[in-house]
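Here is a quick walk through one model, with an eye on how its inside is packed and where it leaves space. Have the coordinates open as you read.

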Amino acid sequence: MSRLYYCCLICLGLHANLILADILKYDPVIIEDAHLRTPGLIRKYGYQFEEHKIDTKDGFRLTAHRIPKPGAQPVLLVHALEDSSSAWILMGPGRGLGFLLSDRGYDVWMLNTRGNRYSRKHRKYHPLHRQFWDFSFHELGIYDLPASIDYVLAKSKGYEQLHYVGHSQGTTSFFVLGAERPTYMKKIKLMQALAPVAYFNNVQQPLLRAMAPYLSDIVRLSQIFGIYEFPPEREVLRELNYKLCSFFFQNTCTYFLMQIIGVDFEQLNRTLVPILVGHYPAGSSVKSFAHYFQQVKNGGLIGYDYENPYINQRHYGSVKPPAYKLANINCKVALYYGQNDFLTAVKDVQHLRDELPNVVHDEKLAYKKFNHLDFIFANDVKELLYDSMFQVMARVDKGEL
């Protein structure tokens, strides 16, 4: 009887989604933005655009997208896991952080970290090679960010420091940079961390907690089947994801998304869902997910555990991976976090705040439903978050903070 009940619920859900699909009619502008890539979006809205290639010491060639303002203060934006440079402009002029910063006179650089759709080149390896995907947020911190910071400053005559803004993984990789390459902290004018991810002691996200104990088995299974990239970067899969979540199962897709990041339908404009799924996910490695699940399991911010004492010894000089030394991150840091973020608990961010030596701004966002996606995609993100960020940046630029 219970099976019949659940089958009926599933059928009703599918029927409701299909009915919705018949009445969903999107503005052609939205459909166009869903299919344009970052360069096209920037040009479409009347901004100058440049594409830059940045080579890392371990052989990757990264792509950075720039809204140039020669002679202006540079700011480097670094996206979250599975995201790309498009995150900073998807909301369009007047709401996208990249556009807003440019309007305020900043020289805007938007990095694409290794493995996403814009940064899939390596000096030696092809994306079909296992070695290409042997990275997590650790490699982003010790290779991608140093190369990018040096490149941006080399192109910014008269500037010895840049503003840094990271979202989610863009914060974790920065913490690795500061812990492992502390000399780079003198090149950072201000680091602004949106949904900072470092500790997981208080995160109650059910999926993370459920999967963490089976992490090793999941990774081993993926290796057996030769799966090192997630999701696979295939045009047909990307288009299928776009069609299903934009037209046929929008309710289902948004429901599951909210269960992962925090429920906030008030700040999600459903007519913009095609833009979101047209650009996300942008690709990453299985190892990146594995490293985060290890943090969930262990609570702290530590190096990748190869679960083999001999391999760990070779990499770290110890049988267990060490914790990152957050005390080395002595640049100015501003923290912004939501009360409804299922991936970043308030207590964990406050724990991080107490570990960092130079936090100049600590903001628990007033809107109580603010979730992990709202930092990029909330209807009122400018008023809820960005205006405060601009004030902090201005105070730092004036030497008041």
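Let's start with the packing. The largest nonpolar core holds 107 residues, and Phe 174, Phe 175 and Leu 385 touch the most other members. As general background, nonpolar side chains in soluble globular proteins tend to be buried together. Take Phe 175 as an example: leaving out residues up to four places away in sequence, Phe 175 touches Met 191, Pro 196, Val 197, Ala 198, Leu 301, Leu 326, Ile 329, Leu 352 and Leu 356.

Where pLDDT is low, the predicted coordinates should not be read in detail.

Now for the empty space. Rolling a probe the size of a water molecule over the atoms shows where such space is left. The count comes to 1 cavity of 30 Å³ or more. Its lining has 14 residues, and Thr 113, Arg 114, Gln 169, Gly 283 and Ser 284 are the closest to the centre.

The second largest pocket is lined by 19 residues, with Val 219, Gln 223, Lys 287, Tyr 304 and Tyr 306 nearest its centre. Two elements give two or more residues to this lining: α8 (215-224) and α12 (286-298). Helix α8 gives the most, with 6 residues.

Here are the two spaces with their volumes and lining make-up:

| Space | Volume | Lining residues by type |
|---|---|---|
| Largest cavity | about 50 Å³ | 4 nonpolar, 7 polar, 3 charged |
| Second largest pocket | about 490 Å³ | 9 nonpolar, 4 polar, 6 charged |

Val 219 sits in helix α8. Is Val 219 buried or exposed? Val 219 has a relative accessible area of 14%, so it counts as buried, the cut-off being under 20%. As for distance along the chain, Val 219 and Leu 207 are 12 residues apart, and their C-alpha atoms are separated by 16 Å.

Notes: Residues are numbered from 1 along each chain as its sequence is written. This is a predicted model: local features need pLDDT of at least 70, side-chain atom pairs count only at pLDDT 80 or more; totals for chains, interfaces and linings use all residues. Side-chain values use heavy atoms; hydrogens and water are left out. On a 1 Å grid over the protein atoms alone, a cavity is a set of points where a 1.4 Å probe fits but cannot get out, and a pocket is an open set with protein on both sides within 12 Å along at least five of seven lines; lining residues have an atom within 4 Å of a point. Grid points are joined across faces, edges and corners, and a volume is the space filled by probe spheres set on the points. Helices (H or I, at least four residues) and strands (E, at least two) are DSSP runs, numbered from the N terminus. Ala, Val, Leu, Ile, Met, Phe, Trp, Tyr, Cys and Pro count as nonpolar, Asp, Glu, Lys and Arg as charged, and the others, Gly among them, as polar. A nonpolar core is a set of buried Ala, Val, Leu, Ile, Met, Phe, Trp, Tyr and Cys residues joined through side-chain atoms within 4.5 Å. Buried means under 20% relative accessible area, exposed over 50%, partly exposed in between (1.4 Å probe, protein chains only). Contact means heavy atoms within 4.5 Å.
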